[in-house]
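Please walk through the following structure with attention to how its elements pack and how its side chains pair. The explanation moves from the chain as a whole to its individual contacts.

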Amino acid sequence: FISKDVVTKLQIMDQLRSGPQQEHYSSLQAMVAYEVGNQLVDLERRSRHPDSGCRTVLRLHRALRWLQLFLDGVRTSPEDARTSVLCTDSYNASLATYHPWIIRRAVTVAFCALPTRKVFLESMNVGSSEQAVEMLNEALPFIERVYNISQKLYAEHALLDLP
């Protein structure tokens with residue numbers, strides 16, 4: 001469910017980056033300046049631009065926060081921690097706010113299918129559970145940095161609450 005949604009959003013961004021206005025999509029900052037400056041971002045529910053780059057990246061930005069919280073939970077949790085609980089907690093602290101009740105329920109049920117922490121870490125294909133945790137120790141600061149840059153830019157342009 002989540003990966004399909006991410007793929008759809010990445011396809012939207014690929015289309016914008018290869019479209020007739022591609023020079024305005026060379027960076028996040030350029031995209032925001034272009035779309036805000038040309039009123040291509042709707043701050044109201046009735047959107048004339050539902051697939052704007054700003055709106056699409058905001059959804060990816062929110063998903064990145066969920067991923068950051070989840071991976072940090074996996075990294076710092078005890079061996080017997082349930083990934084379904086870690087994932088649900090991360091979801092409730094990030095994406096759940098933006099989803100209607102039915103989606104929240106469906107997502108929470110889907111999380112129950114997640115493997116144990118050990119199996120999850122081993123499925124990362126970086127070696128043992130300990131090696132996977134070490135890789136997360138290295139990767140999470142980069143995820144946080146990307147999130148913080150986007151968060152700051154969207155806050156500066158009052159775009160964090162796009163519908």
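Of the 163 residues of the protein chain, 37% count as buried, and this figure, like every value that follows, belongs to a predicted model. The C-alpha trace of the protein chain spans about 50 × 35 × 25 Å along its principal axes. Its secondary structure comes to 7 helices and 0 strands, so that the pattern read along the sequence is α-α-α-α-α-α-α.

Two of these helices illustrate how the elements are packed. Two packed helices are described by the angle between their axes and the distance between the axes. For helix H2, which covers residues 28-37, and helix H7, which covers residues 129-156, the axes come within 11 Å of each other and cross at roughly 20°. Because angles under 35 degrees count as roughly parallel, H2 and H7 are roughly parallel to each other. The crossing of H2 and H7 is right-handed.

Ser27 is found in the loop between H1 and H2, and with a relative accessible area of 31% Ser27 is partly exposed. Ser27 and Arg17 are 10 residues apart in sequence, and their C-alpha atoms are 9.6 Å apart in space.

The charged side chains can be taken next. By the rule applied here, the count comes to 4 salt bridges, among them one between the side chains of Lys9 and Asp5, where N and O are 2.9 Å apart. Both Lys9 and Asp5 lie in helix H1, which covers residues 2-18, and they are 4 residues apart, about one turn of the helix.

Another of the salt bridges joins the side chains of Asp72 and Arg75, with an N to O distance of 2.5 Å. Asp72 and Arg75 both belong to helix H3, residues 53-76, where they are 3 residues apart, again about one turn of the helix. Here Asp72 counts as partly exposed at 29% relative accessibility, and Arg75 is partly exposed as well, with a relative accessible area of 27%.

A further salt bridge is formed by Lys118 with Glu122, whose closest N and O atoms are 3.9 Å apart; the pair qualifies because the cut-off for a salt bridge is within 4 Å. Lys118 and Glu122 are 4 residues apart in helix H6, residues 117-122, which means that about one helical turn separates them. Lys118 is partly exposed, with a relative accessible area of 47%, and Glu122 counts as partly exposed at 36% relative accessibility.

A pair of aromatic rings is described by the distance of the centres and the angle of the planes. The structure holds 5 aromatic pairs. One of them is the edge-to-face pair of Tyr25 and Tyr34, with 5.9 Å from centre to centre and 75° between the planes; both Tyr25 and Tyr34 are buried. In the pair of Phe70 and Phe120 the ring centres are 5.3 Å apart and the planes stand at 75°, so this pair is edge-to-face. Phe70 in helix H3 and Phe120 in helix H6 are 50 residues apart, and their pair thus links distant parts of the chain. Phe70 is buried, with a relative accessible area of 4%, and Phe120 counts as buried at 16% relative accessibility. What is the cluster that includes Phe70 and Phe120? Together with Trp66, Tyr91 and Phe111, these two residues form one aromatic cluster.

Arg62 lies over the face of Tyr98, at 3.6 Å from the ring centre, while the charged end of Arg65 sits over the ring of Tyr147, 5.4 Å from its centre.

Notes: Residues numbered from 1 in each chain as written. Predicted model: local features only at pLDDT ≥ 70, side-chain atom pairs only at ≥ 80, totals over all residues. Heavy atoms only, no water. Helix = DSSP H or I, 4+ residues; strand = E, 2+ residues; numbered from the N terminus. Buried < 20%, exposed > 50% of the residue type's maximum accessible area, 1.4 Å probe, protein only. Phe/Tyr/Trp six-rings, centres within 6.5 Å; stacked < 30°, edge-to-face > 60°. Lys NZ or Arg CZ within 6 Å of the ring centre and 35° of its normal. Axes fitted to C-alpha atoms, helices over the stretch in contact; angles between N-to-C directions. Parallel < 35°, antiparallel > 145°, perpendicular 65-115°, else oblique. Left-handed = near helix turned anticlockwise from the far one by under 90°.
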